[in-house]
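Here are my notes on the model you asked me to look over. Keep the structure open beside them and find each part as you read.

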Amino acid sequence: MSEETTEHLLVTEYFHPDTASTGQLMTDLAVGLNERGLDMTVYTGQPNYHSGDNENQPRRSIHNGVSVLRIGAPQFRQSSMVRRLVNWALFTSWMTLLLLFERVERDRELIFVTCPPFLPAAMWFVCTVRGWEYTYIAYDLYPDEPAELGYFEKNGLIHQLWGAIDRRAFRSAKHIVALGPVMKQRISSKLGESGDEEKIAIIHNWEDENFIKPMEKENNWFSKEHSLRDTFTVLYSGNIAKFHDLETLIRAAAKLKSVDVQFLIIGEGDNKQRIVDLAEAHGLRGDTVRFLPYQPWEDLPYSLTSADVSVVAVKKGFEGIVVSSKLYTAMAAGQPVLAIA
């Protein structure tokens with residue numbers, strides 16, 4: 001295929017103005033590739049990930065030069081796992097039918113990310129039927145993640161069936177993107193001896209250093225507004241998933257209860273209530289440990305630089321299955337990083 005005559009289509013559940021890190025990264029990716037000369041189009045859904053912009057976006061729009069089409073699949077605010085599963089199923093099935101039957105006048109090459117988890121298998125099927133090439137961007141590895149979380153039995157029937165389909169999706173890909181060397185090793189083992197390891201490229205995540213910049217707490221209005229200036233503050237900001245080991249953070253806070261240190265946790269996620277309950281059980285909530293919801297997009301340069309150290313936390317067993325993009329954000333903010341991994 002000629003790059004000049006091929007339409008490059010990025011399929012992603014999250015895109016601007018969603019505040020999910022995947023949405024931010026996919027927005028940067030689409031705009032960046034478009035600026036480098038690829039004819040980029042984005043197919044996505046309506047914002048649903050605790051977005052700062054709760055209003056529906058137009059079905060067709062242009063974002064920084066990139067054409068964006070939002071499908072009509074109903075999307076629910078992701079306040080529970082059930083709602084998330086419904087969103088995943090609706091988005092994946094709607095997108096699959098659209099791409100299978102949509103009339104196109106040029107060759108297409110798809111780029112898709114593992115959000116939602118069922119998307120790679122669906123896009124492999126679509127591209128196989130339509131004869132399109134595709135790039136598989138692995139932000140999380142499935143079915144490894146839900147199996148490690150205990151949603152179904154490791155090496156059980158669901159694990160094996162899902163794994164076999166995903167293995168086909170990896171093997172048929174033109175390119176595969178892994179977020180780090182351990183993830184690349186895991187993907188390589190999925191490909192097996194008959195797979196082409198050369199097509200796996202490690203491309204680390206990133207942060208826009210023009211948007212997130214180092215800032216002293218004394219000059220930060222967010223630090224002042226939330227009384228962070230005079231106390232050493234440990235910050236966790238982002239998704240609070242079950243594979244993020246914030247339990248260790250709360251246990252550490254309990255041991256430092258008598259010390260002038262506070263912990264600020266900003267974000268939402270499936271495991272937030274458990275972390276809140278744990279903080280309350282230790283008598284820490286509100287004084288030593290404080291919780292805030294996701295902050296508006298325009299406030300991120302201030303919330304992410306409001307503390308003294310940033311936390312990156314991944315539970316044991318998830319090495320290479322997930323890779324935290326918070327590391328890059330913390331480095332852009334000029335923050336020391338406390339890693340629980």
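1. First, a caution: what you have here is a predicted model. Please read everything below with that in mind.

2. Let's start with the overall build. The protein has 11 helices and 13 strands. Its C-alpha atoms fill a box of roughly 65 × 45 × 35 Å along the principal axes.

3. Buried residues account for 54% of the 341. The accessible surface is about 16,000 Å², and carbon and sulfur atoms own 52% of that. Look also at the contacts between residues at least 6 apart in sequence: 76% of them join residues at least 24 apart.

4. Next, pick out the open sheet of 5 strands. Which order do the strands take? Reading across, you get β11-β10-β9-β12-β13, with parallel pairing. At the edges sit β11 (289-292) and β13 (337-340), each of which pairs on one side only. From one strand to the next, the twist averages 25 degrees.

5. Zoom in on one pair in that sheet. β10 (residues 261-266) runs parallel to β11, and the two are joined over 4 bridges. To find your place, look for L264, which stands opposite R290 in β11. Helix α9 (residues 272-281) packs on the sheet here, touching both β10 and β11, and its direction makes about 150 degrees with that of β11.

6. Another helix to trace is α8 (residues 246-255). It lies across β9 (232-237), β10, β11, β12 (309-313) and β13, and runs at about 155 degrees to β10.

7. In soluble globular proteins, nonpolar side chains tend to be buried together. The largest nonpolar core here has 59 residues, and V11, L99, L110, M123, Y134 and I187 touch the most other members. Helix α3 (residues 119-130) gives the most to this core, with 6 residues. Apart from that core lies another, made of 20 residues, including L246, V276, V311 and I340.

8. What does L99 touch? Leaving out residues up to four places away in sequence, L99 touches L9, V11, Y43, R108, L110, M123, V126, R130 and W132.

Conventions:
Residues numbered from 1 in each chain as written. Predicted model: local features only at pLDDT ≥ 70, side-chain atom pairs only at ≥ 80, totals over all residues. Heavy atoms only, no water. Pairing = 2+ DSSP bridges. Axes fitted to C-alpha atoms, helices over the stretch in contact; angles between N-to-C directions. Contact = heavy atoms within 4.5 Å. Buried < 20%, exposed > 50% of the residue type's maximum accessible area, 1.4 Å probe, protein only. Areas by Shrake-Rupley, 256 points an atom, 1.4 Å probe, with all protein chains shown as cover. Core = buried A, V, L, I, M, F, W, Y, C linked by side-chain atoms within 4.5 Å.
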